[in-house]
Amino acid sequence: MQTVFSTVLPDVPQAAGIWLTLLAVAAIVIAALIVRPALFRSVFGDRISEAAMPTSLELAEEARERARYAQEVDVAATRAAATADRRRTEWLAAQEEVEEAWRAYEAAEEDVRRLAVAAALPLPRTAQTPAEYADRERWLHRAALDAQRRKEITVEQLNDILGHRGWDPRRHPVEQELLLRRLVRDNLRARQRAAQDREQAAWQAAELAAAAARSLRDEAYAATCPAPESQSSLSIVGLTAPEATRELPTTGRPAEITRELPPAGRGRAAVPVY
């Protein structure tokens with residue numbers, strides 16, 4: 001025991017001096033923090049900010065990537081705008097087709113009403129001879145051929161008329177014309193409905209293309225003029241950065257609401273603006 005004490009005791013004053021020195025340094029640092037906290041805050045904050053900032057090579061690479069992305073988006077926006085113009089032109093053409101089909105259907109409906117009134121009157125009596133029936137048959141065939149040349153009836157319907165399938169050539173020409181006009185009216189009505197369906201499909205395609213063009217145009221603008229990045233707050237040992245994090249203002253435009261497509265009818269619908 002005497003040997004152990006003789007070995008340890010001489011080092012005790014030296015260890016005590018080291019501990020006292022460390023305690024004195026810690027006390028000085030704590031007192032400096034209490035007396036002048038702004039000095040240490042600015043020094044530590046600047047060093048941490050400099051360490052967090054990207055290097056010049058990283059900034060140059062980021063600028064190149066941003067320029068490349070902005071160019072790609074700009075090209076995509078230009079193509080989308082051209083597609084939207086083409087879809088809008090197709091929709092306007094489909095709308096004109098609907099109006100023409102409606103006008104043709106109205107004219108056919110007017111003919112049917114006029115012939116229905118004429119057929120309601122007593123028909124003139126003619127001699128029921130083979131020559132009269134032959135004249136009626138020739139008239140029916142000629143009227144059917146003229147209607148097919150005007151694309152008012154199909155080739156299948158023409159074959160049914162010429163083959164007397166569902167058609168009696170012995171009827172009076174007034175009755176035959178009324179039946180033929182009704183067939184033409186039904187065909188034009190079916191064409192008008194088909195044109196209306198194509199017009200609605202063209203409208204929806206134009207709306208989608210316009211929305212895509214608007215989205216890409218906004219994205220291209222955002223890529224060309226990026227918003228400034230907000231500074232993030234730093235917190236180390238209770239010390240914060242000189243400036244707190246700020247909320248970036250929103251620079252985008254409000255989203256546009258697309259109207260629903262109403263049933264196509266007569267007249268010109270409003271032209272979408274994009």
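**Figure 1. Buried residues of helix 5 in the predicted model.** Glu132, Arg136, Leu140, His141, Ala143, Ala144, Ala147 and Gln148 are the buried residues of helix 5. They pack against helix 6 and helix 7. An α-helix has 3.6 residues a turn, so residues three or four places apart point the same way. Helix 5 has 20 residues, which at 1.5 Å a residue should span 28 Å; the end C-alpha atoms of helix 5 are 29 Å apart, in agreement with that span.

**Figure 2. Contact of helix 5 with helix 6.** Helix 5 covers residues 130-149 and helix 6 covers residues 155-162. Their axes come within 10 Å and cross at roughly 175 degrees. Angles over 145 degrees count as roughly antiparallel, and the two helices are therefore roughly antiparallel to each other. On the helix 5 side, the contact is made by Leu140, His141, Ala144, Leu145 and Gln148; on the helix 6 side, by Val155, Leu158, Ile161 and Leu162. Seven of the contact residues are nonpolar, two are polar and none is charged. Leu140, His141, Ala144 and Gln148 are also among the buried residues of helix 5.

**Figure 3. Lys151 in the loop between helix 5 and helix 6.** Lys151 follows helix 5 and has a positive phi, near 60 degrees. Lys151 is not a glycine, yet has this positive phi. Its relative accessibility is 56%, over the 50% cut-off, so Lys151 counts as exposed.

**Figure 4. His164 in the loop between helix 6 and helix 7.** His164 also is not a glycine, and its phi is positive, about 60 degrees. With a relative accessibility of 29%, His164 counts as partly exposed.

Figure 5. A polar atom of the Gln176 side chain lies 2.2 Å from the backbone oxygen of Asp168. Leaving out residues up to four places away in sequence, Gln176 touches Trp139, Leu140, Trp167, Asp168, Pro169, Arg170 and Arg171. One of these, Leu140, is a buried residue of helix 5 and also takes part in the contact of helix 5 with helix 6.

Definitions and conventions:
Residues numbered from 1 in each chain as written. Predicted model: local features only at pLDDT ≥ 70, side-chain atom pairs only at ≥ 80, totals over all residues. Heavy atoms only, no water. Axes fitted to C-alpha atoms, helices over the stretch in contact; angles between N-to-C directions. Helix = DSSP H or I, 4+ residues; strand = E, 2+ residues; numbered from the N terminus. Parallel < 35°, antiparallel > 145°, perpendicular 65-115°, else oblique. Contact = heavy atoms within 4.5 Å. Nonpolar A, V, L, I, M, F, W, Y, C, P; charged D, E, K, R; others polar. Polar contact = N/O pair within 3.5 Å; in protein donor to acceptor, adjacent residues only side chain to side chain. Expected span 1.5 Å × (residues − 1). Buried < 20%, exposed > 50% of the residue type's maximum accessible area, 1.4 Å probe, protein only.
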